[in-house]
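Good morning, and thank you for coming.

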Amino acid sequence: MTAREDTAPMETFLAGVRVLDLSHYIPGPLASQALADMGADVLKVEPPQGDGMRHLGPRDAQDRPLFYECINAGKSVLRLDLKREDGRVRFVDLVRDTDVLIEGFRPGVTERLGIGYAALHAINPGLVYCSISGYGATGPSVGRAGHDANYLAEAGVLDRNGSDRPVYFDPPVADVSGGLYAALAILGALMGRAHTGCGCHVDLGLADVIMPLQQFQVAHHGASGYAPKRGQTYLNGGAAYYNVYATADGGHVVVGAVEPKFWRAFCEAAGRPEWIERRDEPIPQSALIADLATYFAGLGSGDCDARFAGVDCCYSRVSTLGEALQSAHVAGRGRVRRAAGGALQALFPARIGGRPPAERAPLREVDGHAASDPWRRPRAARAIRSSR
């Protein structure tokens, strides 16, 4: 093990950073989990009835909510009633020695509770306060209700994806991207605080995260007014060399041979050298797609693997989740592991110094009525310091 591996694993990056998470469901908790993966001490503050995620999705053999437990692993949970004076007093006391606050209420709710950014900034000028809402805290859509499908529909994404009608995505693109963008903004704000000593307010609307994800299409539209429809680009089914095909046994395979060298390798392995020059046919390549569809319809999934899996041509069989979890790649990279408590965890997708991230500790419930310190770890030297 090198010195770098020994002294800077991922879980030490944010050692000493304290995070209060007031958010529910996916975006905010995903952001705070990413910070926890890097060593931050995350205390999730929930109302007396708990996060609504506790009642969403399947339960394990011990009747625990699987979705809630997995996205909040590595954190501590404290239940406080912020509508009561004693709950607010205790919460504000926690804020005094907190680096980051994440909240997912509709705009205006925290102000009505007396814990908005201005009020808490006055108490703790170094606080990084991240608000995650559907449509952000400004503009004509403030306060609108929405979910992932709404954001994708309104951003022009659903209009060009699917075969004969718009198709929604699983996992939810805006929710997941919003959580990751929030974590990225928080990390940048902490770095900025190290220089200025001051925190800031991050206002992130989930409806807003879709535009930077489709910046190529936005730039194209800005230059020419072009708005792609389904099957009109190589990214959404218009190209034969980047498409999904059904096999004879009811399976599906993907050809992702975008570059000419990969397309050539595919055509040669398929025994169809006459297809090589057809790569540059105008999109949508309906005739060539039909030819490949007929070709794959005559082969079983095993035949396809035998013919293409060892060829450098960007071929893949479409796997079920169970098959993917058993794959050599997932096992070899250590991305999914079973924790000591028995939970199967999808971990942070990076190796630091050659080491995969550690398994997340089980969710820790804190007694809301106890006077003891609710944090998981004592305050240590901050990784990202404030000069306050």
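This is a predicted model: local features need pLDDT of at least 70, side-chain atom pairs count only at pLDDT 80 or more; totals for chains, interfaces and linings use all residues.

Where is Asp291 placed? Asp291 belongs to helix 12. Leaving out residues up to four places away in sequence, Asp291 touches Trp275 and Arg278. With Arg278 there is also a polar contact, in which the two side chains are joined at 2.7 Å. Consider Ala240 as well: Ala240 and Asp291 are 51 residues apart in sequence, and their C-alpha atoms are 8.9 Å apart in space.

Let us now turn to the helix itself and the strands beside it. Helix 12 spans residues 286–297 and lies across strand 7 and strand 8, running at about 40° to strand 7. These two strands belong to an open sheet of three strands, with the order 7-8-9 and antiparallel pairing. Its edge strands are strand 7 (242–246) and strand 9 (315–317), each of which pairs on one side only. On average, neighbouring strands of this sheet are turned by 20° against each other, direction ignored.

As a reminder for those new to the subject, strands of a sheet pair through backbone hydrogen bonds, and the pairing is either parallel or antiparallel. Here, strand 8 (residues 252–256) and strand 9 pair in the antiparallel sense over three bridges. As an example, Val255 has Tyr315 of strand 9 as its bridge partner.

Strands 7 and 8 bring us to a pocket. The second largest pocket holds about 960 Å³ of space. Its lining is made up of 31 residues, and those nearest its centre are Arg160, Asn161, Leu235, Asn236 and Gly237. Two or more lining residues come from each of helix 9 (210–213), helix 10 (215–224), strand 7 and strand 8. Which element gives the most to this lining? Helix 10 does, with four residues.

Finally, I turn to Arg54. Arg54 lies in the loop between strand 2 (41–46) and helix 3 (66–71). Is Arg54 buried or exposed? Arg54 counts as buried, because its relative accessibility of 12% is under the 20% limit. Beyond its neighbours within four places in sequence, Arg54 is in contact with several residues, including Tyr68, Val77 and Glu365. The side chain of Arg54 also makes a polar contact of 3.1 Å with the side chain of Glu46.

Methods
Residues are numbered from 1 along each chain as its sequence is written. Side-chain values use heavy atoms; hydrogens and water are left out. Buried means under 20% relative accessible area, exposed over 50%, partly exposed in between (1.4 Å probe, protein chains only). A polar contact is a pair of N or O atoms within 3.5 Å; within protein, one must be able to donate a hydrogen and the other to accept it, and residues adjacent in sequence count only if both atoms are side-chain atoms. Contact means heavy atoms within 4.5 Å. Two strands pair if DSSP finds at least two bridges between them. Axes are lines fitted to C-alpha atoms, for helices over the stretch in contact, and angles run from 0 to 180 degrees between N-to-C directions. On a 1 Å grid over the protein atoms alone, a cavity is a set of points where a 1.4 Å probe fits but cannot get out, and a pocket is an open set with protein on both sides within 12 Å along at least five of seven lines; lining residues have an atom within 4 Å of a point. Grid points are joined across faces, edges and corners, and a volume is the space filled by probe spheres set on the points.
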